[in-house]
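Subject: Handing over the structure

Hi,

I am passing this structure on to you, together with some notes on what I found in it. Please have a look through it, and keep it open beside you as you read on.

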Amino acid sequence: MLTKNAAGVKARKRLCMTVNGRAVEIEIDIRESLLDVLRDRLQFTGVKQGCSVGECGACTVLIDGTPMNSCIYLAAWAHGKTITTIEGLAQDGLLTPVQEAFVDEGAIQCGFCTPGVVLSTTAMVDSGKSFTHDEVRRELSGHLCRCTGYQKIVDAAERALREAATAADESPV
Amino acid sequence: MFDICELCEPETLAEAKAIYAANPELKVIAGGTDVLIRMQHGSLAGAGLLSLRCIPHLDEIQLLADGTLSIGAMAPFTRIFEHELIRKLVPVLGEASVSMGGPQVRNVATIGGNLCNGAVSADSASTLFALDALLKLETAEGERIIPMRDFYAGPGKVNLLPGELLVAILIPREGYEGMGGHYIKFAPRKAMDIATLGVAVVCKIRENRFVELRIGLGVAAPVPVRCFEAEDYAKGREVTWECVQEIARLALKPAKARSSWRASKDYREHLIEVLAQRAVAEAVKRGGGCCAN
């Protein structure tokens, strides 16, 4: 529990977590962020490094289903947690309805902010709650897109939420 | 990578207090949205961290038997904003909580961290000032409960003893009961921005008279302040637009606004008066009063 880092010796910690449905056991350096581990050790490069200070949302991943900035989250804190990155959404080459909504609305330009925005939208859809237009904008406000604007991104999120609500209505209880 | 020399992750509060008592030089870390950003910017180099994230129950929000609302220091802002007790009893604190940072930050940033960071712009601070909140502080030796107002010592400085941890924020029943409230955060952007000014108002109205009014200001002075002159003036007075205007003028009294790149002194003073007016008017409305002009 007390992980001493004596005189330049890297303090290490055994980390067990689930990433995209797969159990991962890895020895980490306590100085690493979750972003470092996901990108550099596990090669989930869909997690983007943007500002590194929690401003831009490019590094957003779902931790136990909740969107968080992995750049300001210690890797050690992920012990026992379930992490979802953008690589964890599509199954066997089939996009999720949220991803489809982004494609259909043309809500992607350079793609750097896209993994984060798609994951925040996925969290909204998975919550099963309904969101007003202002609430959708608020829930996406932790993401910066520098290509164009947010209209198509908001359109895509609202489309995904609408379609999920319709699907829920039609499914037999 | 962060420049960290050690990471302590106690699993009980008692253990955390013992470690902190023996190693008061450790930097306490809660959600990490201040500490890790400061490290990313090169401060706190080589620090040892005492993480409170593995301690259970430190994030609970509950109503105590005497009607005191207790908010665990490790409660993240999203939880506070969404919590039923907050919505029902202190919606103004929910309002302040959802104005802080952006969603990903609110999902991990804690109210305790926000306060202990000592920033005058902390969105929760001015609101807790207005709510007459108390802070429960604990060391390995014992605990003390102090008013919020005694906590802030200066910009970025709070009155925590060596080895002392903020455990919970307590809002006694008389702090919130029957109160209408409103928080206005003034910032250039709606998300991920620091308040240029924060105004929190709670008031109790009976027969359209002020029974009680409390105003907390953030970023109006080196520490959050209460507007006692304005509050005393309001007591017992009929709610009229003129009265609200006078309250807003008096709200300037405790202000020690200064010029920074965010805003000039004159502009801040203008904001204090105008936003105090708006916040009082809205709080009055929510408290069942009317000050139509």
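How many of the seven residues of β10(B) are buried? The count is six, so β10(B) is largely enclosed by the rest of the structure. Please bear in mind that this is a predicted model.

Chain B: the sheet around β10

Strand β10(B) belongs to an open sheet of five strands in chain B, ordered β4-β5-β10-β6-β7 and paired in the antiparallel sense. The edges are taken by β4 (61–63) and β7 (143–147) of chain B; each has a single partner strand, so one side of each is left without a neighbour in the sheet. From one strand to the next, the twist averages 25°.

You can follow the pairing on either side of β10(B). Strand β6 of chain B, residues 134–138, runs antiparallel to β10 (residues 165–171) of chain B and is joined to it by five bridges. Along this pairing, L137(B) is opposite L166(B), and E138(B) is opposite L165(B). Strand β5 of chain B, residues 69–72, also pairs with β10(B) in the antiparallel sense, here over four bridges. In that pairing G72(B) stands opposite A168(B).

Chain B: two helices side by side

Next, please find helix α5 (residues 91–98) and helix α8 (residues 123–130) of chain B. Their axes come within 8 Å and cross at roughly 165°. A crossing over 145° counts as roughly antiparallel, and that is why α5(B) is described as roughly antiparallel to α8(B). The crossing of α5(B) and α8(B) is right-handed.

On the α5(B) side, the contact is made by V92(B), L93(B), A96(B) and S97(B), and on the α8(B) side by D123(B), S124(B) and T127(B). Sorted by class, the contact of α5(B) with α8(B) has three nonpolar, three polar and one charged residues.

What else does α5(B) pack against? Its buried residues are V92(B), L93(B), G94(B), A96(B) and S97(B). Besides α8, the buried residues of α5(B) pack against α3 (77–82), α4 (84–89), β11 (180–186) and β12 (197–206) of chain B.

The strands themselves, β2 (residues 12–19) and β3 (residues 22–29) of chain A, pair in the antiparallel sense over eight bridges. One bridge partner pair here is M17(A) with V24(A) in β3(A).

Where does the parallel pairing come in? β2(A) and strand β6 (residues 82–84) of chain A run parallel, joined by two bridges. T18(A) has T82(A) of β6(A) as its bridge partner. Strand β4 of chain A, residues 60–63, pairs with β6(A) in the antiparallel sense over two bridges, and I63(A) is partnered there with I83(A).

Chain A: helices α2 and α3

Helix α2 (residues 97–104) and helix α3 (residues 114–127) of chain A have axes that come within 9 Å and cross at roughly 125°. α2(A) and α3(A) are therefore oblique to each other, and their crossing is right-handed. V98(A), Q99(A) and F102(A) of α2(A) meet T114(A), V118(A), T121(A), T122(A) and V125(A) of α3(A). The contact of α2(A) with α3(A) divides into four nonpolar, four polar and no charged residues.

Where the two chains meet

Finally, 24 residues of chain B are in contact with 31 residues of chain A. On the chain B side, the elements that give two or more residues are β1 (4–8), α2 (35–40) and α6 (103–106) of chain B. The largest share, five residues, comes from β1(B). By class, the side of chain B that touches chain A has 14 nonpolar, six polar and four charged residues.

Best wishes

Conventions:
Residues numbered from 1 in each chain as written. Chains lettered and ligands numbered in written order. Predicted model: local features only at pLDDT ≥ 70, side-chain atom pairs only at ≥ 80, totals over all residues. Axes fitted to C-alpha atoms, helices over the stretch in contact; angles between N-to-C directions. Parallel < 35°, antiparallel > 145°, perpendicular 65-115°, else oblique. Left-handed = near helix turned anticlockwise from the far one by under 90°. Contact = placed C-beta atoms within 7 Å. Nonpolar A, V, L, I, M, F, W, Y, C, P; charged D, E, K, R; others polar. Buried ≥ 20, exposed ≤ 12 C-beta atoms within 10 Å, placed from the backbone. Pairing = 2+ DSSP bridges.
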